[in-house]
Amino acid sequence: MDKIIKIFYEITSIPRCSKTHKPFIEFLEKTASTYGYECYVDKVNNILCKKADSKAVLSLQSHYDIVCLEDGKIPQIIEEDGFLKAKNSTLGADNGMGCAIMIALMSEGKDCEFLFTSDEEIGLIGANDIEFKLSSKYMLNLDSEAEGEICIGCAGGVDIFGTNTQKTIIKNDECYDLFELEIKDLDGGHSGVDIDKNIPNAIKLTAKTIKECKGKLLDINGGERINSIPKECKAIFASKSEPKPSHPNMTIVKIDEKSEHLNIYDDNILNFLYTFSHGVRGYDKELSVVLDSINLAQIKTEIEGIKVSLSARSMENERLEDIKNESVALLQAFGFETSTEGKYPAWKPDINEFTNSVLEIYKIHNSNATLEAIHAGLECAIFKDKFPNIKVASIGPNIFNPHSHKERCEIRSVENIYKIVQDIVARF
């Protein structure tokens, strides 16, 4: 077990924020050479390692980029109470622990295709644009985050953007006061697997405070990543009445200077933020899984106007299209110009000989293991689309609160998963 943790420490010291590729590529090229593997890199920085005379029927796959809530920050790992955490940052166990397991298997000389994909956290870019043709009949993805659950299906997703450019300069005849609002240190979390946990949204709370004092918006910036529930937001607004904080973590400071004129944004921006239904849109009680959701992820004041970013997910492709169209229409009704990008398909649950074998092996180690579908985007959906005949399953250790400063990974769970992966590799 020390081997996996040691490798994880080593790769965590390498810059791996999304869009940062070269340091990890250079590390993996050297590592592959040491263990006797050929290493290939495609145009979007995916990395494929395999033996020159490979007869592999199994591909192991993880993405190597991590969510960095602060650009360029390298996690400082802390071991505490049986968990790995990071000091004031995300840990990057999502999906660095999967990468560590794959590198450990390479050190043992296993004849598999080892696929490390790029920029999963910002739209599954590597998987979407992969150039490699895999020879394997089976794929084991290591990006799941709950021990005992074998993922055989996941939600699809799409990112939705709106920009409102409507702005007016008014004379301050009504004696508006200016206020600066800040909310920070909320829990945050993954916009898929954590969307049903009633985690406060910093942007929604900001809009609530300004709207309920009949404020006028001058500037607003909030949210960290398109796939994270916003934990921070700042705003400057004008109001004739004293605003009331809508959360204990919110501070509001009155700006002493009086302004003769105010450069205010369209009220429809605030109206949209206030009324928008962030969170779960559909839930299957029998399966205990979120079916549809949408995350009010980011807002930014730019030169051309205020830009809003939303992230929608659904377990059904048809429903995902509906949510996208409904959200676009709603944004347009509130005066936003819209665009969408980053769509990836849902992975319809598929039980087959490979998933049954994975379940059989898993149950040797954990009799409570089950086949599950999750409300998050996995690259498996794209690989199933690109390689229709490949059989796919996804497993991983216990990782809690990914995409947030509270991210933690259970060390014992990593040990358990590694034994299971070794047995799967041995069979295939």
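The model is predicted, so a few ground rules apply: local features need pLDDT of at least 70, side-chain atom pairs count only at pLDDT 80 or more, and totals for chains, interfaces and linings use all residues. Residues are numbered from 1 along each chain as its sequence is written, and side-chain values use heavy atoms, with hydrogens and water left out.

**Helix α1**

Let's start with α1, which covers residues 2-12. Helices here are DSSP runs of H or I with at least four residues, strands are runs of E with at least two, and both are numbered from the N terminus. Within α1, the residues I4, I5, I7, F8, I11 and T12 are buried. They sit on the same side of α1 because they cover an arc of only 160 degrees around the axis, where the arc is that of the directions from the helix axis to the C-beta atoms. "Buried" means under 20% relative accessible area, "exposed" means over 50%, and "partly exposed" is in between (1.4 Å probe, protein chains only). D2 and K6, on the other side of α1, are exposed.

As background, an α-helix has 3.6 residues a turn, so residues three or four places apart point the same way.

What do the buried residues of α1 pack against? Their partners are α2 (22-35), β4 (77-80), β5 (83-86), α3 (93-107) and α10 (411-427). Contact here means heavy atoms within 4.5 Å.

**S144 and strand β8**

Next comes S144, in the loop between β7 (138-141) and β8 (149-154). With 6% relative accessibility, S144 counts as buried. Its side chain makes a polar contact of 2.7 Å with the side chain of S394. (A polar contact is a pair of N or O atoms within 3.5 Å; within protein, one must be able to donate a hydrogen and the other to accept it, and residues adjacent in sequence count only if both atoms are side-chain atoms.) Leaving out residues up to four places away in sequence, S144 touches C151, L378, S394, I395, G396 and P397.

As for β8 itself, 5 of its 6 residues are buried, so the strand is largely enclosed by the rest of the structure. β8 pairs with β20 (residues 370-374) in the parallel sense, over 4 bridges; pairing requires that DSSP finds at least two bridges between the strands. In that pairing, I150 stands opposite L371 of β20.

**Cysteines**

How many disulfides does a search of the whole structure find? The search turns up 1, taking a disulfide as a pair of cysteine sulfur atoms within 2.5 Å. The disulfide joins C17 to C68, with S to S at 2.1 Å. C17 is in the loop between α1 and α2, and C68 is in the loop between β3 (58-63) and β4, so the pair ties together parts that are 51 residues apart in sequence. The torsion about the S-S bond is about -95 degrees, so this disulfide is left-handed. C17 is buried at 11% relative accessible area, and C68 is buried at 4%.

C151 is in no disulfide, as the nearest cysteine sulfur, that of C154, is 6.0 Å away. C151 is buried, with a relative accessible area of 2%. C39 counts as partly exposed at 22% relative accessibility.

**Salt bridges**

The whole structure has 18 salt bridges, each being a side-chain nitrogen of Lys or Arg within 4 Å of a carboxyl oxygen of Asp or Glu. Here are some of them:

| Pair | N to O distance |
|---|---|
| D71 and R225 | 2.8 Å |
| E174 and K240 | 2.6 Å |
| K406 and D187 | 3.6 Å |

K406 is partly exposed at 42% relative accessible area, and D187 is partly exposed at 39%. D71, by contrast, counts as exposed at 71% relative accessibility, and E174 counts as partly exposed at 47%.

Finally, D292, R319 and E326 are linked in a network of salt bridges.
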